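Here is a short briefing to read alongside the sequence and the 3D view. Keep both open as you go.

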Amino acid sequence: MELEILLVVAAALLLASVIASKVSAKLGIPALLVFIGIGMLAGSEGPGGIPFTDARLTESLGTLALALILFAGGLDADLAGMRPVIWRALSLATIGVLASTAVVAWFSYQFLGFQLIEACLLGAIVSSTDAAAVFGVLRTGRVRFQRRLVPLLELESGANDPMAIFLTIAFIELAQNPNRSALAMLPDFVLSMAVGFAVGYAVARGAIWLINRIRLEYDGLYPVLTSAFVLLTFGGAVMLHGSGFLAVYVLGLTLCSRNFVHKLGLTQFHDGVAWMMQIMMFLVLGLLVSPKELLGVWLAGIGLSLFLIFVARPVSVFISLAFAKRMKKRERLFVAWAGLRGAVPIITATFPLLAGVPKAGLIFNLVFFVVLTSVLIQGMGLVTVAKLLRVGSDQPPKKPDSAVTTPNIVRLVMPQESLMVGKSIVEISLPATALIILLHRGRHSYIPKGATVLEAGDEIVIATRKDDADELRLLFERG
């Protein structure tokens, strides 16, 4: 296909996906299901007739897309909501993945005719919930969920991918080398998680320091800078035998927890990049699959999908949340229902194809079928189930009575000896209720930005609570 034709086709598919997402939102259909459908229609067996069978390209594109999606999800995370549920989410991302793998493996071994290692491989591939699917459905705004369910599900979906991918790779190695011990791989897993976390956190701290001090001449270069950090984090972690997916998610979470220049604009930029990559990823996955082959596994696919939705996922949730005594049964049931499968299982299903594992084609088609039914049944039924379990409401969030308050205006002049002189505003740990609204410097007055560097003699005007006025004076006048 010539370049100009390729560009036109790509543009047409992207436009169709964006327009279709608007329609899907009104009909309550998950957007990723629409994206996959468009890809299948454009494929060799659909009206589009585009031939595409490159599993390696699909894996590479999917890996890049997932890295960018996970980073964007971490950067835009609800950290205040995540902190109380972090241990529950980590339990779901580890114990839950192991339990789901074991239960699905038993079903596949007993009823689908797989050998034990092949059954474990299939279980590992479908064991993780998908960040793109969960973020896309939970952030539609169609329903308001109670308590901390959304942060729990989002943190789980971002943290369980490394576990599922490691198990997938481990079972592929066991399928190719039956004499190797599964326990011998445990140190590799611990090392992978530790290195991934360390690289993500270390790069994040360096990124924050550089972003706040580099003071680029052009604002448009900041998104380039943060994108470079994402690629550096993922590639560096993998080179050091760590989990690149965990590293970029930790990078996003750490940046989310700190103040840095152009934070709002960069968050919006990476959200747009995540949507772009999500569309491209699902379109390519739709192009890769063969609808005729899916029809050949429909009976086994339906059986596996229903078992995963109604047995394996609930069992894994109740096992991993057994210690969460204060969590109500209906909330656990909702967590079980909201465990959507998406691109991650399909992408990891390409690993056996590339490795030449027996029954790899069957595994890929079954996984694709599972994802379609998961999104169709669980995604479209999410709002209904939330209402039935009384964990969701159509009502918009109520504004507290104290939402509107009269701010206290504080005027401060920066003395020469203040430690704040020479620092940018974003580097200053202001109280959460304080906002610098004006800066007078000589004869000029303007609204400062996060990158504005304070100088001796500056008069700054701050809107804050009355109780914080004395703290602010000490902060700026003495440092």
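Searching the whole structure turns up eight aromatic pairs; rings of Phe, Tyr and Trp (its six-membered ring) pair if their centres lie within 6.5 Å, with planes under 30 degrees apart counted as stacked, over 60 as edge-to-face and the rest as tilted. This is a predicted model, so local features need pLDDT of at least 70 and side-chain atom pairs count only at pLDDT 80 or more, while totals for chains, interfaces and linings use all residues. Residues are numbered from 1 along each chain as its sequence is written, and side-chain values use heavy atoms, leaving out hydrogens and water.

**Aromatic pairs**

- W106 and F111 make an edge-to-face pair, at 5.7 Å centre to centre with 80° between the planes.
- W106 is partly exposed at a relative accessible area of 46%, whereas F111 is exposed at 54%; here buried means under 20% relative accessible area, exposed over 50% and partly exposed in between (1.4 Å probe, protein chains only).
- F107 and F307 form a stacked pair, 4.4 Å centre to centre and 15° between the planes.
- Because F107 lies in helix α5 (residues 86–111) and F307 in helix α14, this pair ties together parts that are 200 residues apart in sequence; helices (H or I, at least four residues) and strands (E, at least two) are DSSP runs, numbered from the N terminus.
- Both F107 and F307 are buried.
- W106, F107, F111 and F307 are linked into a cluster by ring pairs.

**Salt bridges, and a charge over a ring**

- The whole structure holds five salt bridges, each being a side-chain nitrogen of Lys or Arg within 4 Å of a carboxyl oxygen of Asp or Glu.
- One of them joins the side chains of E118 and K359 at 3.9 Å, N to O.
- E118 is in helix α6 (residues 116–125) and K359 is in the loop between α17 (350–355) and α18, so the pair ties together parts 241 residues apart in sequence.
- E118 is buried at 11% relative accessibility, while K359 is partly exposed at 36%.
- K359 also lies over the face of F114, at 5.2 Å from the ring centre (the criterion is NZ of Lys or CZ of Arg within 6 Å of the ring centre and within 35 degrees of the ring normal).
- E459 and R411 form another salt bridge, their closest N and O atoms being 3.6 Å apart.
- With E459 in strand β6 (residues 459–464) and R411 in strand β3 (residues 408–413), the pair ties together parts that are 48 residues apart in sequence.
- R441 and D458 meet through their side chains in a salt bridge at 2.7 Å, N to O.
- R441 belongs to strand β4 (residues 435–441) and D458 to the loop between β5 (444–446) and β6, 17 residues apart.
- R441, E455 and D458 are linked in a network of salt bridges.

**Nonpolar surface patch**

- I95, W298, L299, I302, L306, F310, V311, V315, I319, L376, I377 and M380 make a nonpolar surface patch of about 1,000 Å².
- Patches use residues with over 30% relative accessible area and no salt bridge, joining like charges within 9 Å and nonpolar side chains (Val, Leu, Ile, Met, Phe, Trp, Tyr) within 5 Å; accessible areas come from the Shrake-Rupley method with a 1.4 Å probe, and for residues only the protein chains shown count as cover.
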